[in-house]
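Me: Can you walk me through how the helices pack in this one? I have the model open.

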Amino acid sequence: MEAENHTEVSQFLLLGLSDDPKLQPLLFGVFLSMYLFTVLGNLLIIVAVSSDSHLHTPMYFFLTNLSFVDICFTSTTVPKMLVNVQAQSKNISYIGCLIQVYFFMIFAGMDNFLLTVMAYDRYVAICQPLYYMVIMNPHFCGFLVLVSWLIIFWVSLVHILLMRQMTFCMGTKIPHFFCELAQILKVACSDTLINNIFMYVAAVLLVVFPFTCIIFSYSKIVSSLMRLSSTGGKYKAFSTCGSHLSVVSLFYGTGLGVYLSSALTHSSLHNSVASVMYTVVTPMLNPFIYSLRNKDVKGALRKLLTLAASCLR
């Protein structure tokens with residue numbers, strides 16, 4: 001097939017999860033439900049934390065940022081998929097695909113960074129409790145989030161600028177339900193060596209480095225707790241990390257599953273199904289993990305729901 005300049009390629013075809021017409025209504029219903037649960041659950045976390053002054057602490061400041069990012073993360077991919085399923089179309093414009101890649105990388109990267117700073121927050125709280133409020137002051141917390149946004153904005157922008165130099169064949173098919181960078185590089189008609197090199201460099205910066213920092217933080221936390229003589233003190237201190245550890249395990253576990261799926265199998269369907277876990281399921285479960293495992297959040301949600309119920313009477 002003759003390669004065309006990228007400016008002449010007006011659209012791509014997203015193959016989605018299934019071509020079976022009978023499955024389309026089921027897919028639409030399942031993904032719409034998961035999307036609404038994700039948005040509602042994370043919005044409740046944001047409103048509950050914002051409305052309770054007792055939760056205006058660094059840990060919950062990062063949690064509200066994580067909830068906001070999760071809403072945006074899911075909104076980058078799922079609405080377009082729902083529109084395509086409903087319209088029985090597989091098209092996505094070239095510019096739309098670039099925009100989807102850009103914002104997907106931004107919010108996926110922010111998830112990594114926020115989970116890292118939350119691990120650092122737990123490290124300071126447990127290992128240096130006397131200096132916690134001095135170190136994790138509002139200005140420093142805001143600085144950590146701002147720097148995270150700036151880094152991921154620029155890294156994602158470089159990816160897009162490199163993609164603009166690529167050429168594609170007319171009628172290019174992307175074997176996924178959204179425009180994923182790795183899949184786009186596979187279907188390009190031009191050389192993608194530089195793109196692949198930068199993708200791996202970015203993966204080290206945005207995934208491997210944050211995960212290493214999380215492991216380091218928890219190794220210090222465990223080491224500090226082992227020096228405590230009181231079993232109750234150990235449990236109480238480590239219980240504050242339970243929700244965060246669950247989210248980290250879910251996020252990186254599903255991400256690892258996607259990587260292994262693409263490395264061990266050549267089935268695009270298996271890769272797409274595995275991607276659903278970290279793009280849709282993980283952001284949906286995060287609010288439930290934090291609300292079910294955290295007494296403070298449960299209390300704030302209970303107050304919020306009580307207030308809402310009283311207003312409706």
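Reply: First a convention: angles under 35 degrees count as roughly parallel, over 145 as roughly antiparallel, 65 to 115 as roughly perpendicular and the rest as oblique. This is a predicted model, where local features need pLDDT of at least 70, side-chain atom pairs count only at pLDDT 80 or more, and totals for chains, interfaces and linings use all residues. Residues are numbered from 1 along each chain as its sequence is written, and side-chain values use heavy atoms, with hydrogens and water left out.

Me: OK, how are α2 and α3 oriented to each other?

Reply: Their axes (lines fitted to C-alpha atoms over the stretch in contact, with angles from 0 to 180 degrees between N-to-C directions) cross at roughly 160 degrees and come within 9 Å. α2 and α3 are therefore roughly antiparallel to each other.

Me: Which residue classes make up the contact of α2 with α3?

Reply: It has 17 nonpolar, 4 polar and 5 charged residues. Nonpolar here is Ala, Val, Leu, Ile, Met, Phe, Trp, Tyr, Cys and Pro; charged is Asp, Glu, Lys and Arg; the others, Gly among them, are polar.

Me: And at what angle do α1 and α2 pack?

Reply: About 160 degrees, for α1 (residues 24–51) and α2 (residues 58–87), with their axes 9 Å apart. The contact of α1 with α2 has 18 nonpolar, 8 polar and 1 charged residues.

Me: Different topic. What is phenylalanine 31 in contact with?

Reply: Leaving aside neighbours within four places in sequence, phenylalanine 31 is in contact (heavy atoms within 4.5 Å) with Leu17, Val78, Met81, Leu82, Val276 and Val280.

Methods: Helix = DSSP H or I, 4+ residues; strand = E, 2+ residues; numbered from the N terminus.
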